Structure formats: structure tokens, C-alpha cells
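This report is meant for someone meeting the structure below for the first time.

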2 protein chains.
Amino acid sequence: MALIFVTGNARKLEEAEAILGVPLAQEKLDLPEIQDLDPHEVMRQKLLAAKREGVGACIVEDSSLTLECLGGRLPGPFIKWFEEALGTEGIASLAERYGDPRATSSTIVGYLDEEGDMHVFDGSIAGSIVPPRGDKDFGYGPVFLPDGAERTFGEMSREEKHAVSSRGIAFRKLRAHLGR
Amino acid sequence: MALIFVTGNARKLEEAEAILGVPLAQEKLDLPEIQDLDPHEVMRQKLLAAKREGVGACIVEDSSLTLECLGGRLPGPFIKWFEEALGTEGIASLAERYGDPRATSSTIVGYLDEEGDMHVFDGSIAGSIVPPRGDKDFGYGPVFLPDGAERTFGEMSREEKHAVSSRGIAFRKLRAHLGR
């Protein structure tokens, strides 16, 4: 039976399937996201909510972006709301006003196993914020240029991106854990 | 019997008592704050949580600050995390980098009555973000200068502040509702 991925985001589902190399069953349940600067706390609460909802064994994922110019802690788990309020253009313009483009993209993959135990896998990658480039990606992909890369996530092919992205790193750890 | 105010913040308790003109019973229950740019949605979920917890008739309060330079929507309900990550100095410096100090301070007071019905009272006040001044206040008070005022919330006496603050406006609406 396919493992359940709790997400409303079709692109995340597609990426997770590609990285894990197995089909997943999408569960669109809207798990409450609490306010916290610590992405692990946000994830812990989401997994507890999934458990309460009785979803069974499942995967939950959260990506966050921190900007050095905002103390290296923001937007963090609030990245979705920065995207909504400012757009990727606005995020790029913010970093530009500070003259400090350094940023870190992070992903946490949470896995609730059949026994209800919680496992958490981290991935993170350093990079810079640049004016939006490319349209092959979603979220903050077009403004995130990984260190050493010449293309933003938005300009990379899926395979290129998965090889270096924080989502790729975190999901490959889950894959190893599942023994696949 | 004293009305219950669900808050961990002693200063908020003190301000609410001064504005309402009655003593309140503090309940330090930590209600989950969900992620949303809409302060009304954050409040709705808090009141639902208070109801689930069986607190009974109670008051819940949330203040937020929006900066024009951040699309007029951020930090919004996330102000607490901006204060934690950047400090009030950092918030002032952010507005300065954009060259746009305009901001709005908003407060929502939620009241769960004896029947479990929810009532919501809004207060908001326009102003500017300035470098921190005064130490008489908490939160973003030292950097918020109301339009037409010469003193920040941090420099005002309690009475001066309550007369104009978004918390004062919202709690006076509750006071009128309670017929006091």
C-alpha cells in the first residue's frame, strides 16, 4: 500500500515521489501550522495533529527559508506568508535593501510510522537571494541560488534540483530510513 | 466572579484591567497560535481552543503590527517573532531601509461568553516606526509613534497610551458590550 503524504501541494507530492522513487498517496488534510520560529516545533505539532486525526503512517514536509539580513531566523517557517505578502520579487528586494543576499533553504520531513512513533529528517543548503529567475519552480525557488550553482532552483531541471535541494537531502534520508 | 483573561503576559493583564476598570483573573493557559496573515483567523482559532479547553467565559487578546513597506500585511500576527528575531531596533532599521515608516498597530479582543458564543472587538491606530524611544512599554511600544503624537507608546504614561492605543480602543468596545 502506498505511503501517505499529507500535503495540499501537488508539486511537493511530485517532488517527493521523484526523490523517494515510489508512488505516494496524497492526503489533503489541512494540518494546523502553529506559530514558532523553530521549524522542528512546527513539525512536531503537525505530526501530533496527524496522529490525533488518525491518518496512520504518513509523511509531512515543511520547507523554510532564513535570510541572514533578518537575523538568520526569519522568515523561517513563515516563508509562505512572506511569499503571499511580498511575492518572490519582494523577498529579493528586501535582501537587496540590506545588501546581504545570504540565505539558507531548509526542509524537514516528518514521518509517523505504523506504531505512531515520530521520525524527523533534516536537509539544508546555503545560497543567495537573487532577483527571480526561471519559472520551472514553485515557492521561493526562482530567488534561491545555491552556493556554487549558476542556476536558481527555478532554472534547474527537476533532477538537477533534487540532487542539491534541501528537500532532496531530507527525503533521501527518509528513503534510507525506509530501506529503499 | 472576576472575568478570566487568558494570557501569559502580566503587562497585558495590567493594561486590560486599567482599561476595563475591573480586576481580571489571569489564566496562563498557552493557547496555540496558528499561522495566518489574517488576525481574525488567528483569534478565531484561539477562541475555539479556549472553548475546547473548557476555560468558560474568558477574554483573549492579540495585537499585531503591519508595516507599509512590507506590503501592509507583515509582520501582522507574527510581530512577536519579529521582535524575537530582530528586536525593536531591528524593526526600526528595517522600516528605515525602505524609507517608509508608515505602520498600523491593531488589537483584537476576543470574548467567549457564558453560552460559548464568540465576540470579537477591533481596535487600530495609524502611526510611524521610529528608532526605539522610552522604556515604559513592552512589545513594539518603543518604536511606534502614533500619528499626531510626539511620544512613542514607550514614552507615554499608561493613561496617555490607553486613551489612543489599539488595545485601549478594542477593550473599551468590550467594556461597552459588557455594559460597564
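Predicted model: local features only at pLDDT ≥ 70, side-chain atom pairs only at ≥ 80, totals over all residues.

## How the two chains are related

The same surface serves both copies, since 100% of the contact residues of chain B recur in chain A.

## Helix H1 of chain B

Helix H1 of chain B covers residues 10–20, and its buried residues are B:Lys12, B:Leu13, B:Glu15, B:Ala16, B:Ile19 and B:Leu20. Seen down the axis of H1(B), these buried residues fall within an arc of 165°, so they line one face of the helix. Among the elements of chain B that cover them are strands S1, S2 and S3, together with helices H4 and H5.

At the start of H1(B), a side-chain oxygen of B:Asn9 reaches to within 3.0 Å of the backbone nitrogen of B:Arg11, while just after the helix B:Gly21 takes a positive phi of about 75°.

## Helix H5 of chain A

Helix H5 of chain A, residues 166–177, has twelve residues and reaches 17 Å from its first C-alpha to its last, which is close to the 16 Å expected at 1.5 Å a residue. In H5(A), the buried residues include A:Phe171 and A:Leu174, and what covers the buried residues of this helix includes helices H1 and H4 of chain A as well as strands S1, S3, S5 and S6. Just after H5(A), A:Gly179 takes a positive phi of about 70°.

Conventions. Residues numbered from 1 in each chain as written. Chains lettered and ligands numbered in written order. Heavy atoms only, no water. Buried < 20%, exposed > 50% of the residue type's maximum accessible area, 1.4 Å probe, protein only. Helix = DSSP H or I, 4+ residues; strand = E, 2+ residues; numbered from the N terminus. Arc of directions from axis to C-beta. Contact = heavy atoms within 4.5 Å. Polar contact = N/O pair within 3.5 Å; in protein donor to acceptor, adjacent residues only side chain to side chain. Expected span 1.5 Å × (residues − 1).
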